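Q: I would like to learn how to read a few features of a protein model. Please take them one at a time.

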Amino acid sequence: FNDSKAKQLRVLVNENINSPLTAIDYQQLQAIHVFSNSSSPLDTKCSYHLIYDSSDPIQLKELEVRTSSLINKYSFAYYGPLNTDFLTTVRDLWGYSPVPTSGMLRKISYPTGGCSILEYEKNDYSSRLSPDRQSMIAEAGTAGGLRIKSITDQDGSKILQKRSFSYNKPGTTTSSGQLFQKPITHWELHPGGNYIFVKQRIPV
């Protein structure tokens, strides 16, 4: 909005979460209301209402943009559910879910009827930092996490455009990624003579 008058924002947060652990980890943002001071009482110029998946309290299912004359609705789909157990030990060596795309945004549907499809790929690198942190070592590989590979914009089943993204050094097929450090793994001897495999996810 281009009013020269000042605007006010009101943010509503849902604190009705049963689990004490999840209450610490996150709270649901329910709505954002935009007000104008140009009239009295305050005039609601626009509001954003967030609707979450009932089976996953942190996956946004719909976003409604409401004005005095219309409601525009955006909807979101994902690559499977997101693991919200933040204390789980089911992680890969990089600290991510064994299924990398799990819980990632897959599709955005627009009020106009069109949609955007998001495709991901693993991060990669062509060099890594030496153990003494003084130089880069030439070494190629894949790392943890994901990045956008392509975004396809569609009108129904008709593809309007597809944008593909390259993370290589310009004019080459060499990744521009630089790795800080690989995950550190080792075995620990526990009481009773049992060796336990330990993976350290945070480089030191």
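A: Start with burial. Buried means under 20% relative accessible area, exposed means over 50%, and partly exposed lies in between (1.4 Å probe, protein chains only). Arg133 is partly exposed, with a relative accessible area of 29%. The model is predicted: local features need pLDDT of at least 70, side-chain atom pairs count only at pLDDT 80 or more, and totals for chains, interfaces and linings use all residues. Residues are numbered from 1 along each chain as its sequence is written, and side-chain values use heavy atoms, with hydrogens and water left out.

Q: Where does Arg133 lie?
A: Elements first. Helices (H or I, at least four residues) and strands (E, at least two) are DSSP runs, numbered from the N terminus. Arg133 sits in the loop between E7 and strand E8 (136–155).

Q: How many helices and strands does the chain have?
A: One helix and 12 strands. Read from the N terminus, the order is β-α-β-β-β-β-β-β-β-β-β-β-β.

Q: How many aromatic pairs are there?
A: The rule covers rings of Phe, Tyr and Trp (its six-membered ring): they pair if their centres lie within 6.5 Å, and planes under 30 degrees apart count as stacked, over 60 as edge-to-face, the rest as tilted. The count here is two. Tyr74 belongs to strand E5 (residues 71–78), while Tyr110 is in the loop between strand E6 (105–109) and strand E7 (114–129); the pair links distant parts of the chain, 36 residues apart. Tyr74 is partly exposed at 26% relative accessible area, and Tyr110 is partly exposed at 31%.

Q: What geometry do Tyr79 and Tyr120 show?
A: Edge-to-face, with 6.1 Å centre to centre and 75° between the planes. Tyr79 lies in the loop between E5 and E6 and Tyr120 in strand E7, so the pair ties together parts 41 residues apart in sequence.

Q: Is Tyr120 buried or exposed?
A: Tyr120 is buried, at 14% relative accessible area.

Q: What share of the chain is buried?
A: Buried residues make up 25% of the 204 residues.
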